[in-house]
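This briefing covers secondary structure, helix packing and charged side-chain pairs. The sequence and the model come before the notes.

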Amino acid sequence: MDEVVSGEAVVIDVPVARFPSRMVAIVIDLLVQLAALSILNLAIGLSAGLDAASEAAVVLTTSIAVIVGYPVIFETLSRGKSLGKLAMGLRVVSDDGGPERFRQSLVRALAGVVEIWMLFGSPALITSLLSAKGKRLGDLFAGTFVIQERLPKGRYQGTSISLMSPMPPQLARWASTLELSALPDPLANAARDYLGRYRELTPQARYQLGERLAADVAARVSPPPPPGTPAPDFLSAVLAERRARQLGARDASC
């Protein structure tokens, strides 16, 4: 485990990926890239009308596209996962525990050209062993590290939090009576970000951040939620009601 400080200034314990898992993930990604390069180079070699210089230029361009484009595309679209990391249950995250951004994935991929492809992984091996978070050079430059994803049974398991149906049914009637005019946008956005990243957080982080946000929101809305309401359900209900009223007001003005 290692500690990071989230954007909400909450210390979060994150499970840093183990070295063997990272190595297996890298090998899987390399095999995928080598297979793609082999197929593309074979197709280029069979193409008619290309002289030696043109063929070399196309091969070089294709190689760079695969070596750099593969990790950038996969990690950007999947929020930090390549095929190898997906197979091993790993994810790349920012140093603050947030999701990896496009710029970071690009920096990691460009560094990987040198440390993995050109130098056969030696710098990555050395820096990963020396770093407390198992960072290779690309991680050091990009401000990222790799975590071991898991879905443990957390304190909030069993709550009705859901991104597809954010209003907990048991709170719908209570939410309809809420006074929300004192709830500021930054706090609502912080609660929305927490719910969006809920399943990415460790149980301790879910509890700490959820309780903190719930207390801040509860101080600005009324009436209070029913006793025993879990923080994620409370926040989901408040945000769902707030969004419903905003949409209703917008429709009424049209």
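Helices (H or I, at least four residues) and strands (E, at least two) are DSSP runs, numbered from the N terminus. Along the sequence the chain reads β-β-α-α-α-β-α-α-α-β-α-α-α-α, with 10 helices and four strands. This is a predicted model: local features need pLDDT of at least 70, side-chain atom pairs count only at pLDDT 80 or more, and totals for chains, interfaces and linings use all residues. Residues are numbered from 1 along each chain as its sequence is written, and side-chain values use heavy atoms, with hydrogens and water left out.

**Whole chain**
- Of the 254 residues, 42% count as buried (buried is under 20% relative accessible area, exposed over 50%, partly exposed in between; 1.4 Å probe, protein chains only).
- The accessible surface is about 13500 Å², and carbon and sulfur atoms hold 65% of that surface (Shrake-Rupley method, 1.4 Å probe; for residues, only the protein chains shown count as cover).
- Among contacts (heavy atoms within 4.5 Å) with a separation of 6 or more, 70% join residues 24 or more positions apart.

**Helices H1 and H4**
- The axes of H1 (residues 19-46) and H4 (residues 102-118) come within 13 Å and cross at roughly 90° (axes are lines fitted to C-alpha atoms, for helices over the stretch in contact, and angles run from 0 to 180 degrees between N-to-C directions).
- H1 is therefore roughly perpendicular to H4 (65 to 115 degrees; under 35 is roughly parallel, over 145 roughly antiparallel, the rest oblique).
- On the H1 side, Arg22, Leu30, Gln33, Leu34 and Leu37 meet Arg108, Ile116 and Trp117 of H4.

**Salt bridges**
- The chain has eight salt bridges (a side-chain nitrogen of Lys or Arg within 4 Å of a carboxyl oxygen of Asp or Glu).
- Glu75 and Arg108 pair at 3.1 Å, N to O. Glu75 lies in helix H2 (residues 52-77) and Arg108 in helix H4, so this pair ties together parts 33 residues apart in sequence.
- Glu75 is buried at 2% relative accessibility, and Arg108 is buried with a relative accessible area of 2%.
- Glu115 pairs with Arg136, with the closest N and O atoms 2.3 Å apart. Both Glu115 and Arg136 are buried.
- Glu241 and Arg245 form a salt bridge at 2.8 Å, N to O. Both lie in helix H10 (residues 231-253), four residues apart, about one turn of the helix.
- Glu241 is buried at 13%, whereas Arg245 is partly exposed at 32% relative accessibility.
- Salt bridges with shared partners join Arg22, Glu75, Lys85, Arg108 and Asp139 into one network.
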